[in-house]
Amino acid sequence: MTEDREDTPKPHNDGTGIPAEGAMDVGGREPLGRPGLHHWKQANITDPGLEERGGVFFAAVEMTRMPMILADPRQVDCPIVFANNAFLDLTGYEEDEVLNRNCRFLQGAGTDPESVSLMRNAIREQRPVALEILNYRRDGSPFWNAIFMGPVFDQQGELLYFFASQLDVSKRRESEQSLRQAQKMESIGQLTAGLAHDFNNLLQIINGSLELLREKRHDERSFERHHSSAVSAAERGAKLTRQLLAFARRTRLEPKGTNLSTVVHSFGELLESSAGQKVDLHFNLQRRLPEVKIDPNHLEMALLNIVVNARDASQEGGSITVTTRLIHLNGDAAAHQLEPGDYVVLSVTDEGVGMPPHIRTRAAEPFFTTKGPGQGTGLGLAMAQGFVQQSGGRLEIESEPGKGTTVSMIFPRFLPEEPQAIADAAGYQARPVETAAAAHILVVDDSQEIARMAEEALTGLGYRVTVAFSAEQAIERFDQAREAGNPFNLVFSDVVMPGGANGLVLAEWVRSRDAAVPVLMTTGYSDEMSLDGPQQVALEVLGKPYKRSEMIDRVQAALRSGARTGSGRQLSDFGHARE
């Protein structure tokens, strides 16, 4: 598959496909603003069977480094019915641990529910989808997974399978985060001059007021006036400090419903400090704007950089205007490369020198700058564009030499979905438990509340559950159960338990007594799993916070597959494909 592919391959006897319309993988190249790859939207086949695996095409699928799976929507819960070796390399699971399970076992605490909803809707509507989602390997380590999923039909149009290819894009995501951090540091540097000027003025007010207070301490009216001036200056300094600390803290992208006018208004003082004394900063903020789904911290960072660029382009003075407004795109949506609908625009207009066309077309490229050495890295507009595209919008630049510049961030209107019942949202169905031979599970967590919640969920399904609140107490009960002829079939333990041995040590104790008992770990921090170096035996890990359905799914899968006795899946020499 290649970019900007226009030709349509001729169909052959065994299957056909429909070329994708438009760009997919949105967000895959945010800093450069390039379109994504085109994919096949669907496939039509004549032989739906998976039994015959001796052909060259099947061998190619098994040998490729691109992870691939097939899921069967005709079965309950749309389970995986085929996974190639690259998929097993990517996730760390064995084939028998993957087959007949819904792919939700790859999800965890950091997985975006909206991305999950997009995939679920695509399955329900029998259409393709391409997105990037945070998944988790068998050992609990997270990775960014670029997924393309599309339906497979027979010649009569009946849906047979969903095909999904994956690509580990974690390194590219980490590079983008590093770029954001570098740009944030530049932004903080840009703030220094304006803040120093403001704080000097505030200190002047405070020092002057204190001197006058000493001289006028017997004049009640003068004392009150100078006291109020000093207090007001100190409060304004504290507010500027709080805004700077909020701006500087390191966060990942956490979008939520946000009113752009409210954000700009609360951020106004820092913008005024950054704009400096040569220009007049004006705000034209529309009231009662609909919300957009963005990360407000990243919006502040992007807006600050755009204002700083406007200031630097206005060396002769003039005005800078920050505007918010609601627009509706219909017939002109294609010209903006957006879907028809309602959008909220945040724009910054200056009266500076403007840009010729050849500069304007490159203005948002990373590290491209027309400023002198040491005056900027060229990351500001690039990261603003990446942020806007990740938020589903578009950044546009209008400029002419001598007529100033307008930079607009266009975000789609956010329409919150009506909350659904948890069971419906997850589409989860627990497997039935044979009560007469119900498994005996040891739940271990230093938090009594968490342990009791797990106990209640598992006993509600018919499992026999014993609870322990430390590793030492757990191994004591493990030994007692074995001696009483009522051994445990599974240990479900937290990793970090302050004041004694942790869950990793407990897993070793259990393994030394009975290597056949599977141990399922749970933790809120994937880094905990690497504190003591590589583990001799691969562990199954469930990230916190977890949903009840996720815990039950992983418990039942661990009971079915049993304990691992080796160091985990043996990867191929080349491994799975990465971006």
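Buried means under 20% relative accessible area, exposed over 50% and partly exposed in between, with a 1.4 Å probe and protein chains only. The model is predicted, so local features need pLDDT of at least 70 and side-chain atom pairs count only at pLDDT 80 or more, while totals for chains, interfaces and linings use all residues. Residues are numbered from 1 along each chain as its sequence is written, and side-chain values use heavy atoms, without hydrogens and water.

View A. Helices (H or I, at least four residues) and strands (E, at least two) are DSSP runs numbered from the N terminus. Five of the five residues of E15 (residues 440–444) are buried. His-440, Leu-442 and Val-444 point one way, and Ile-441 and Val-443 point the other way. In a regular strand the side chains alternate between the two faces of the sheet.

**View B. Strands paired with E15.** Two strands pair if DSSP finds at least two bridges between them. E15 runs parallel to E16 (residues 464–468), joined by five bridges; Val-443 has Val-467 as its bridge partner there. Four bridges link E15 to E17 (residues 490–494), also in the parallel sense, and Val-444 stands opposite Ser-493.

**View C. The largest nonpolar core.** Such a core is a set of buried Ala, Val, Leu, Ile, Met, Phe, Trp, Tyr and Cys residues joined through side-chain atoms within 4.5 Å. Among its 38 residues, Leu-299, Met-409 and Phe-411 touch the most other members. Helix H9 (residues 296–312) gives the most to this core, eight residues. A second, separate core has 22 residues, including Val-495 and Leu-539.
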